[in-house]
Amino acid sequence: MKKVIMGNHALSWGAQLGRAQVIAAYPITPQTQVVELLSEMCASKTLDAKFIKVESEHSAMAACIAASIAGARTFTATSAQGLALMHELLHWASGGRNPVVMGNINRAMAPGWSIWTDQNDSLSQRDTGWIQFYCSSNQEVMDTVVQAFRVSEELMIPSMVILDAFALSHTYEVVDIPDQDKVDGYLPPFKPPVRLTPSDPHAFGGLTSPEHYFELRYKLQKDMEKVPDLVEETGREYEKLFGRYLGQVEDYRCDDAEIIFVTSGTAGYTARVGVDQLRQDGIKAGNLRIKMFRPFPFAKVREILPRAAKVAVVDRNISYGHHGVFYQEVKSALYGRDHDRPPVFGYITGLGGRDIMPETFKEMARMTLAKDKPEEDITWMGVKR
Amino acid sequence: MKKEKTMKLSLPTDELMSSGHLACQGCAATLAMRYVLKALGQKTALCIPACCWSVIDGPFPYSSLDVPIFHCAFETAASSASGLKAGLEMVGDTETTVVAWAGDGGTFDIGIQALSGAAERNDDIIYICYDNEAYMNTGIQRSSATPLGAWTTTTPVKHFKNRPKKDIDAIMAAHRIPYQATANTSYPEDLYKKAKKAKDIKGTRFLHIYAPCPTGWKSRPEDSIKLGRMVVQNCIFPLYEVEDGEKYTLNIKPREKKPINDYFRLQGRFRHLKDEDLKLIQEEVDRNWERLLKKVEIGGQQP
Ligand SMILES: Cc1ncc(C[n+]2csc(CCOP(=O)(O)OP(=O)(O)O)c2C)c(N)n1
Ligand code: SF4
Ligand SMILES: [Mg+2]
């Protein structure tokens with residue numbers, strides 16, 4: 001069934017197709033339509049789930065974690081301030097190996113109050129042990145929620161499905177919504193290896209001495225390292241069933257590129273337009289959109305980027321006192337590779353919802369191609385100084 | 001024929017808590033758990049936030065309880081319990097009693113928002129606060145449950161607690177939850193009865209259990225039971241129930257209301273108080289007691 005829906009509703013549809021059983025969520029602009037549609041889905045019983053209308057995001061995540069420990073499939077959605085409020089519990093979900101799936105709408109952090117997009121909210125949570133997927137279309141949002149349940153539950157690691165405020169959350173696109181039974185064939189019911197029940201009483205998350213804690217974290221990292229292959233495998237399987245491949249990255253015209261942009265989110269979509277226009281102007285550009293940011297797709301990045309003479313990383317975020325986060329990560333992925341390491345340029349752009357246009361990419365290409373190597377650590381595109 | 005004398009036990013002998021736990025001597029918080037589990041039975045699941053009880057239970061991979069425990073974040077006892085209940089129901093377990101088991105800090109202070117949320121939604125959980133009147137896990141710091149006049153490590157004797165204990169029971173009554181009660185480990189039958197009653201009611205139920213803590217109160221371990229009886233007899237911590245936020249039932253009305261002095265003198269945390277301080281505190285206790293009697297008069301029953 002094809003439907004024209006907004007990005008937020010793509011999250012709700014993903015949760016319904018995934019048969020989420022417990023939802024606990026709290027409204028925040030620009031996420032509200034996610035919970036509104038889910039409330040309706042629960043009320044009209046198209047989704048058989050308990051929706052706990054909690055009094056905060058903090059309680060939302062706490063309730064999801066506990067429901068997950070009971071063995072239920074759980075979903076929530078939030079944005080910016082709400083995500084920051086959850087911070088302690090993000091560690092709890094991954095540390096406790098509770099495969100909660102959460103939608104996050106990328107919104108700039110206050111102050112000053114901003115409801116527009118940038119990635120500092122979710123990237124501030126990069127070390128909490130969550131898988132992070134950055135989406136660039138409503139179709140991808142919906143499909144990824146379903147895939148995220150599958151990946152998360154297989155490895156018992158929570159996932160965040162991320163989309164840009166307004167640029168995607170409130171943008172209407174055609175989305176192909178698959179049949180429920182076909183999705184059921186792809187995503188089996190959640191059967192955790194252990195769950196909390198009086199018939200087999202255990203204490204979950206109790207006092208853990210240095211003798212054991214270290215190994216718990218080692219195991220989490222080892223399972224994180226399995227995510228790329230699992231995303232590949234489940235993404236191919238999804239393609240077989242539904243005709244849409246869900247991978248770690250999307251490379252666009254990178255094969256013969258002299259300059260490759262590294263992008264994420266909706267900027268990764270705009271980048272393709274920029275790349276096409278640059279090619280019309282005779283500049284061989286390409287775009288590597290990083291969809292899976294945690295775990296970082298090292299293999300893909302190392303395979304694709306060295307094809308070009310130069311790399312320009314586009315960050316809609318800033319790690320104050322360091323660089324853009326994707327820039328840091330790309331440089332670290334290429335570090336130590338003497339032969340096939342193109343110079344990497346870092347651009348900060350689009351903070352607080354400032355538009356990123358195809359022209360922005362043309363400008364970045366011009367600046368990147370004009371120099372042998374970056375002369376400043378990061379370049380702020382269009383900043384009023 | 002010789003007539004055989006039999007002792008009638010007032011509490012079941014089944015134990016869901018074993019020895020080997022990590023509590024201090026004379027810790028009433030452990031008694032509270034033991035009695036409550038006798039009433040709730042094995043089909044119980046606990047959400048325990050950071051508090052003494054997250055240590056008392058024992059370190060991984062041990063547990064001193066025969067019921068499952070989710071050790072949750074400090075401020076999430078109620079929200080975790082709500083989620084656990086929903087999760088269990090969605091996997092087909094509608095029978096298990098889900099309990100949030102938190103200290104006074106996790107209840108009166110950092111967890112009050114989640115508790116208020118769950119109570120307003122009337123989520124089907126029992127919230128139990130064992131009240132040792134300070135943050136004991138972290139080394140005896142004041143909480144909003146710490147009584148007027150008390151020493152703690154953050155209210156040193158030169159600057160002892162100068163505000164009265166927060167009336168959490170009135171706050172919970174304002175949520176119009178179906179059942180709430182105060183209880184005390186020195187009155188185990190009463191505590192048992194209340195936990196049992198709570199078990200059979202649907203919706204949010206709240207038990208506030210007074211739990212002497214020798215370590216934090218600088219009292220003798222052997223005085224924990226005595227202190228629990230005194231605090232009812234002097235009306236500092238009356239035993240009562242509230243249904244739907246309105247119907248008050250006073251469970252014990254002392255024939256003669258005892259002065260507070262003896263109770264205060266048994267605890268090092270009050271040692272610095274002068275007679276005139278105690279007089280002011282007595283006035284505060286009297287006011288609270290009169291207020292409670294009025295509530296009972298308006299919407300309830302006297303014993
Ligand atoms: C968010 C957060 N802040 C602070 C702490 C530290 N902490 C752990 S237990 C505790 C006090 C608990 O007091 P209470 O709830 O009264 O239980 P008790 O230890 O007295 O049994 C504190 C402050 C924490 N674990 N989490
Ligand atoms: S500090 Fe107090 S409450 Fe904590 S275990 Fe010791 S006696 Fe019990
Ligand atoms: Mg305490």
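## Basis of the description

Residues are numbered from 1 along each chain as its sequence is written, while chains are lettered from A and ligands numbered from 1 in the order in which they are written. In this predicted model local features need pLDDT of at least 70, side-chain atom pairs count only at pLDDT 80 or more, and totals for chains, interfaces and linings use all residues, with side-chain values using heavy atoms and leaving out hydrogens and water.

## Domains of chain A

Chain A is assigned two parts, domain 1 (2-240) and domain 2 (250-380), the bounds coming from an automatic or database domain assignment. The centres of domain 1 and domain 2 of chain A, taken over C-alpha atoms, are separated by 28 Å. In the contact between them (heavy atoms within 4.5 Å), domain 1 of chain A contributes 29 residues and domain 2 of chain A contributes 25 residues. About 2100 Å² is buried between these two domains of chain A, with carbon and sulfur atoms giving 54% of that area. Buried area here is the accessible area (1.4 Å probe) that two parts lose on being put together, summed over both.

Three salt bridges are counted between domain 1 and domain 2 of chain A, a salt bridge being a side-chain nitrogen of Lys or Arg within 4 Å of a carboxyl oxygen of Asp or Glu. Arg126(A) and Glu329(A) form a salt bridge in which the closest N and O atoms are 2.8 Å apart. Between the two domains of chain A there are also 16 residue pairs in polar contact, both residues at pLDDT 80 or more. A polar contact is a pair of N or O atoms within 3.5 Å; within protein, one must be able to donate a hydrogen and the other to accept it, and residues adjacent in sequence count only if both atoms are side-chain atoms. On the side of domain 1 of chain A that touches domain 2 of chain A, at least two residues each come from helix H6 (120-123), strand E6 (131-134), helix H7 (138-155) and helix H10 (227-242) of chain A. Helices (H or I, at least four residues) and strands (E, at least two) are DSSP runs, numbered from the N terminus. The residues of this side of domain 1 of chain A comprise 14 nonpolar, nine polar and six charged. In this division Ala, Val, Leu, Ile, Met, Phe, Trp, Tyr, Cys and Pro count as nonpolar, Asp, Glu, Lys and Arg as charged, and the others, Gly among them, as polar.

## Interface of chain A and chain B

The contact between the chains takes 37 residues from chain A and 38 residues from chain B. Together chain A and chain B bury about 2900 Å², and 69% of this lies on carbon and sulfur atoms. Leu196(A), Pro198(A) and Leu207(A) supply 21% of the area that chain A buries against chain B, more than any other three residues.

Two salt bridges are found across the interface of chain A and chain B. Lys50(A) and Glu89(B) meet through their side chains in a salt bridge of 3.1 Å, N to O. Strand E3 (50-52), helix H3 (57-69), helix H5 (87-95) and strand E9 (203-204) of chain A are the elements that give two or more residues to the side of chain A that touches chain B. H3(A) gives the most to this side, with eight residues. The side of chain A that touches chain B divides into 20 nonpolar, eleven polar and six charged residues.

Asp104(B) belongs to helix H4 (residues 104-109) of chain B, whereas Ala134(B) is in the loop between strand E4 (126-131) and helix H6 (168-173) of chain B, 30 residues apart.

## Local features

Over all chains, 46 salt bridges are found. Arg244(A) and Asp176(A) form a salt bridge with closest N and O atoms 3.7 Å apart.

The peptide bond from Arg294(A) to Pro295(A) is cis, with omega near -10 degrees, and Pro295(A) lies in the loop between strand E13 (292-294) and helix H12 (298-304) of chain A. Met156(A), a residue other than glycine, has a positive phi near 55 degrees.
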